[in-house]
Amino acid sequence: VSCRVGTIVGIQASLVTPTTIACQMPSHVPGPVAVDVSLNGAEYTDGELRYDYEQGYEVFGPTPKRVLASGGGLVSLSFSPGRDTLSELTCVIDENPVPAVRVSTGTFLCLTPPRAPGFAA
C-alpha cells in the first residue's frame with residue numbers, strides 16, 4: 001500500500017482497517033494537493049481526495065514557565081506568524097485538554113488544571 005501526494009509517489013502507507021489507509025504525509029508547500037492511494041504501487045486512485053497544507057509556524061511559550069500546582073494559573077502561548085485563522089485551540093497539559101482563549105492575533109491563554117508538584121509536559 002502506498003500513497004501519492006501531488007506528484008510525489010511511493011509514500012509509505014499502512015492499511016488501518018479494510019476501508020481506511022493512513023499515509024505518511026511528506027513536507028510540502030502550503031496549499032491544496034491531491035492525495036491518491038495504490039494497492040500495487042503502480043495504479044493510483046483518481047485524485048478526488050484533497051489535502052490542504054498550511055504555512056508552518058513557530059510556537060513561543062509557555063509564559064510563565066512556572067505556575068502553582070493548585071491550578072488556575074494562566075499560561076500564554078504565541079504563534080509566529082500570527083495565527084488569526086485559528087478559531088479553536090486546546091492546550092494539553094499532562095494529557096489533560098484545557099480550552100485556550102484567544103487574547104490577540106497569534107496569542108492564546110490557557111488556564112492550568114490542578115496537578116501534583118513537578119514538571120508538566
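Reply: The largest pocket is lined by 25 residues, and Pro62, Lys65, Val67, Ile93 and Ala120 are those nearest its centre. The elements that contribute two or more residues to this lining are E7 and E8, with E8 giving the largest share, 4 residues. Helices (H or I, at least four residues) and strands (E, at least two) are DSSP runs numbered from the N terminus. The pocket has a volume of about 640 Å³. Its lining divides into 19 nonpolar, 3 polar and 3 charged residues; here Ala, Val, Leu, Ile, Met, Phe, Trp, Tyr, Cys and Pro count as nonpolar, Asp, Glu, Lys and Arg as charged, and the others, Gly among them, as polar.

A pocket, on a 1 Å grid over the protein atoms alone, is an open set of points where a 1.4 Å probe fits, with protein on both sides within 12 Å along at least five of seven lines, and lining residues have an atom within 4 Å of a point. Grid points are joined across faces, edges and corners, and the volume is the space filled by probe spheres set on them.

The model is predicted: local features need pLDDT of at least 70 and side-chain atom pairs pLDDT 80 or more, whereas totals for chains, interfaces and linings use all residues. Residues are numbered from 1 along each chain as its sequence is written, and side-chain values use heavy atoms, without hydrogens or water.

Turning to the backbone, most residues other than glycine have a negative phi, and most peptide bonds are trans. A cis peptide bond, with omega about 0°, joins Thr63 and Pro64. Pro64 is placed in the loop between strand E6 (58–63) and strand E7 (74–80).

The loop between strand E8 (90–93) and strand E9 (96–104) holds Asp94, whose phi is positive, near 50°. Glu95 lies in the loop between E8 and E9 and has a positive phi of about 70° although it is not a glycine. Asp94 is partly exposed because its relative accessibility is 30%, whereas Glu95, at 74%, is exposed; buried means under 20% relative accessible area, exposed over 50%, and partly exposed in between (1.4 Å probe, protein chains only).

As for the rings, a search of the whole structure finds 1 aromatic pair. Tyr51 and Tyr53 form this edge-to-face pair, at 5.0 Å centre to centre and 75° between the planes. Rings of Phe, Tyr and Trp (its six-membered ring) pair if their centres lie within 6.5 Å, and planes under 30 degrees apart count as stacked, over 60 as edge-to-face and the rest as tilted. Tyr51 is partly exposed at 37%, while Tyr53 is buried at 11%.
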